[in-house]
Amino acid sequence: MAQELSKQYNPKETEDKWYKIWEQNNLFSAKVSPDKLPYCIVIPPPNVTGILHMGHALNNSIQDILIRYKRMRGFEALWMPGTDHAGIATQNVVEKSLAKEGIKRQDLGREKFIERVWQWKEQYGSTIIHQLKKLGCSCDWKRLRFTMDQDYSAAVTEVFVRLYEKKLIYQGNYIINWCPRCQTALSDEEAAHAELQGSLYYLKYPLKDNPLEFISVATTRPETMLGDTAVAVNPKDKRYKKYIGKTLLLPLIKREIKIIADSSVDMEFGTGAVKVTPAHDPNDYALGKKHNLEFINVMAPDGSMNEAAKKYSGLDRFKAREAVLEDLKQLGLLEKIAPHTLSAGHCYRCHTIVEPYLSKQWFVKMKPLARLAIEAVKKGRIKFYPERWTKVYLNWMENIQDWCISRQIWWGHRIPVYYCKNCQGKNSKYGIIVSAAKPAQCPRCKSTGLVQEEDVLDTWFSSWLWPFATFYWPQQLSNNQKPETRNQKTDLNYFYPTSALVTAPEIIFFWVARMIMAGFEFMGEAPFKDVYIHGTVRDVEGKKMSKSLGNVIDPLEIIAEYGTDALRFSLISITSQGQDVFLSKERFEQGRNFANKIWNASRFVLTNLKPEEVNVDLCVFFRKEQLDIANRWILSRFYSTLDKAAKELDSYKFNEAANTLYSFFWHEFCDWYLELIKPQINQKQTQVVMYKVLEKTLRIIHPFMPFITEEIWQRLPGAKNSIMQQSWPHLQKDLINSEDERRMQAAFDIINTVRNMRAELEVNPQSRINIKLAFANKLAQNSMEPLFDHIKNLAKINNLSVNEKYTVQNNEYVVLLKDIHIAMPLAGIAEVSEQIKKNRLKIEKLESEIKNKEAMLSNKNFTERAPKEIVEAEKSKLNDMRAQIAKLEVIINGLR
């Protein structure tokens, strides 16, 4: 027996209840199933410091839709969950926590500090996991991984050793991006450039032989002049030819530096002469190597000036800039300062301006790893959705630079390199030992005086292994085993390669590209087939959400107010494929209203349902029974919708699929079908079709709105198991009838036209009226005759008469709908003359308003001074008024 639903849907009473039941019954779990095709998504692991934001909500709602959809379609669907140790971010959080106790990490020492980080992780690291559960994520939580798990860490070490042995990892002194705040190296991708309004400082360097003669150089970072070891000019620059090879005296320091010639110097920039600071600029580094210049580092790791900066030692870099400029000014060596737009790298974590900094670091050679990853995308073995991201990916990959993987922090995977003090004392070439296991002694000299590398690996060096390390690689794949001879019973070999990756555009280079390279290098094949790149969630004005701007919408607050299903559906339905999302709190009302519509429609069906009538096979019933057009139509529309939504989901058009389902359920099932069948609701065929369409629609809405569909599903007669365990409805193409759909749409057009005619003449919507129809031909009339009762009922028509031809009658309102004349006799309803007069007055009023509006918009003082959006709004109002006049004239022309 069907269970009645309460009058209102309350998500707070259902969501936690059903999630707990799903978990208790292991409905999210996946296993190796040889008789099923695998479908696997690995979650982009959120940082353990993470708290759910709208970007997470969008990203994980999309993944959950895919997993629930594929699970219902019969795949062995696995959503692999996990979190990232987030080296710099987590260390920063814990350091801030210690600062409140008046403690620095250096006070604790490395081991004690790492213990504190683990304590913090155990206490707070699962917050994001609990919040993802609140979102309804159906991850296989028993498989939860962490990038610092013991097995995962072993995989990271294994990868480092393999790459080192292949000579793809090396150590060297190079210019890298250095964050003075975090005091660590950063990769190029972690130091994104942003434009700043700065200055170009023109400094005068005197010649040694003639201190009254100067070479002027232009720089944006005058504090680095303290590390200059040359001035460079272009050999083709006639202004400086006579100075090439001469010696300058570096101001403030009095160091002798040479004027060198190099074709890389831009003659148009500044004065055409550039200062060369090899230890503080990547271009100058290259010049320093080429011309065998001295490399002088004038900064300490914290961004202050070091001893090499002499009197400026200890000053912050920006304070040093002020002091240097003041001293140069006093010496008459500051020629001028000009405004200048520059591009500076910023730390992706703390947003501090990074310093190009000469430092000894570890690097991965990327070009050898990139070859197969480029080929796979070019040949379509990996596809990006939307397709435009393919070009972005290939452009970066084809110009890829070596990856700086060492970080000067404590929290993370410590680099598995050991230095033998004994060997290093004799020959530094032999002092390095790379080992997956901690060595007890030097394999060369047997000394036990080994010291492990202090640096840790970049966080992304562990997360680029995510698609296979989460499956306990390399334990599940022996080192010498080739992909084609794998044991097919392991999780790794069953679920890898995974099926799809859902992620944001900002980590294509950080993560997506590197995972593809790692997949080919260590597994011999791509880690996934499809990459779906969704947009960024922004506020309604297009600004990125941030606490500092005060425009953040908290998903947990939305869930508390509207429910999880409302949040998910609203986000998905307004997110076009790959486009940014412009969000306001009011947008979530759409999802809430849809949830209420589903609830109320289901309540209506269950209240009027005779459960004993509906336990039939729909296809058998359809073939046996002579269904009326209303029931045939809704079945046809359901299966057309099913076909369309499935194709949209398969092509990652999530908003189109959501809106397809919304349109069908709200407008066709509720607005039309449930109204059509009210007079015949007790007929067996109507009972069967009404129920079958509802239960099948609940199944296809389930991936988007899992909680409300489960709550209703459990109230259906004979409901067994969870809706999660039900199959996706099979497409019955023979139940799709385009002719029935055309005929019903024609009837709806007539009903809507009659309703509009009533509204235009302000006729009481509840009063019954008379309508005359005249069709263009007998065939069209015969096609519509079986629908006349439905038209009369829904349009509230008392008498519906049909004529072969329309003849003009007085006191009627006539509208031509395509080739159908629809006439409404006005006797006893309205006076034609009064209606014409009333509408003429409306036109006159609008014409007066249009005149004023046109005068405003022709006034340049308004159009040039007012904000653009105000001007556009006034133009829109003008167009609306013109459209209203056109509509009123149509009404007047229709009055007889």
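## Exercises on strands, loops and helix pairs

**Exercise 1. Which strand pairs with β18 over three bridges, and in which sense?**

Start with β18 (residues 417–420). β18 pairs with strand β19 (residues 432–434) in the antiparallel sense, over three bridges. Two strands pair if DSSP finds at least two bridges between them. Helices (H or I, at least four residues) and strands (E, at least two) are DSSP runs, numbered from the N terminus. The model is predicted: local features need pLDDT of at least 70, side-chain atom pairs count only at pLDDT 80 or more, and totals for chains, interfaces and linings use all residues. Residues are numbered from 1 along each chain as its sequence is written, and side-chain values use heavy atoms, with hydrogens and water left out.

Next, find the partners. Val-417 has Val-434 as its bridge partner in β19. Strand β20 (residues 450–452) also pairs with β18, antiparallel and over three bridges. There, Tyr-418 has Gln-452 as its bridge partner.

Last, check the faces. Val-417 and Tyr-419 lie on one side of β18, Tyr-418 and Cys-420 on the other, and all are buried. Buried means under 20% relative accessible area, exposed over 50%, partly exposed in between (1.4 Å probe, protein chains only).

**Exercise 2. Give the strand order of the four-stranded open sheet.**

The order is β6-β5-β14-β16, with antiparallel pairing. Now take the edges. They are β6 (184–186) and β16 (403–404), and each pairs on one side only. Then take β5 (residues 169–179) and β14 (residues 355–364). These two pair in the antiparallel sense over ten bridges. Ile-169 has Val-364 in β14 as its bridge partner.

**Exercise 3. Locate the cis peptide bonds at Pro-386 and Pro-474.**

Tyr-385 to Pro-386 is cis, with omega near -5°. Pro-386 sits in the loop between β15 (383–385) and α11 (389–398).

Trp-473 and Pro-474 are also joined by a cis peptide bond, with omega about 0°. The loop here runs between α14 (466–469) and α15 (491–495).

**Exercise 4. Are Asn-26 and Ala-86 buried or partly exposed?**

Both are non-glycine residues with positive phi: near 55° for Asn-26 and near 50° for Ala-86. Asn-26 is in the loop between α1 (11–24) and β1 (38–42). Ala-86 is in the loop between β3 (82–83) and α3 (87–99). Now read the areas. Asn-26 has a relative accessible area of 36%, so Asn-26 is partly exposed. Ala-86 has 4%, so Ala-86 is buried.

**Exercise 5. Describe how α28 packs with α30, and α18 with α22.**

Two packed helices are described by the angle and the distance between their axes. Axes are lines fitted to C-alpha atoms, for helices over the stretch in contact, and angles run from 0 to 180 degrees between N-to-C directions.

Helix α28 (residues 832–857) and helix α30 (residues 868–894) have axes that come within 9 Å and cross at roughly 155°. That makes α28 roughly antiparallel to α30 (angles over 145 degrees). Their contact residues divide into 13 nonpolar, two polar and eleven charged. Ala, Val, Leu, Ile, Met, Phe, Trp, Tyr, Cys and Pro count as nonpolar, Asp, Glu, Lys and Arg as charged, and the others, Gly among them, as polar.

For helix α18 (residues 564–573) and helix α22 (residues 654–676), the axes come within 7 Å and cross at roughly 115°. Phe-569, Ile-572 and Ser-573 of α18 meet Phe-654, Asn-655, Ala-658, Asn-659 and Tyr-662 of α22 (contact means heavy atoms within 4.5 Å). This contact has five nonpolar, three polar and no charged residues.

Conventions
Parallel < 35°, antiparallel > 145°, perpendicular 65-115°, else oblique.
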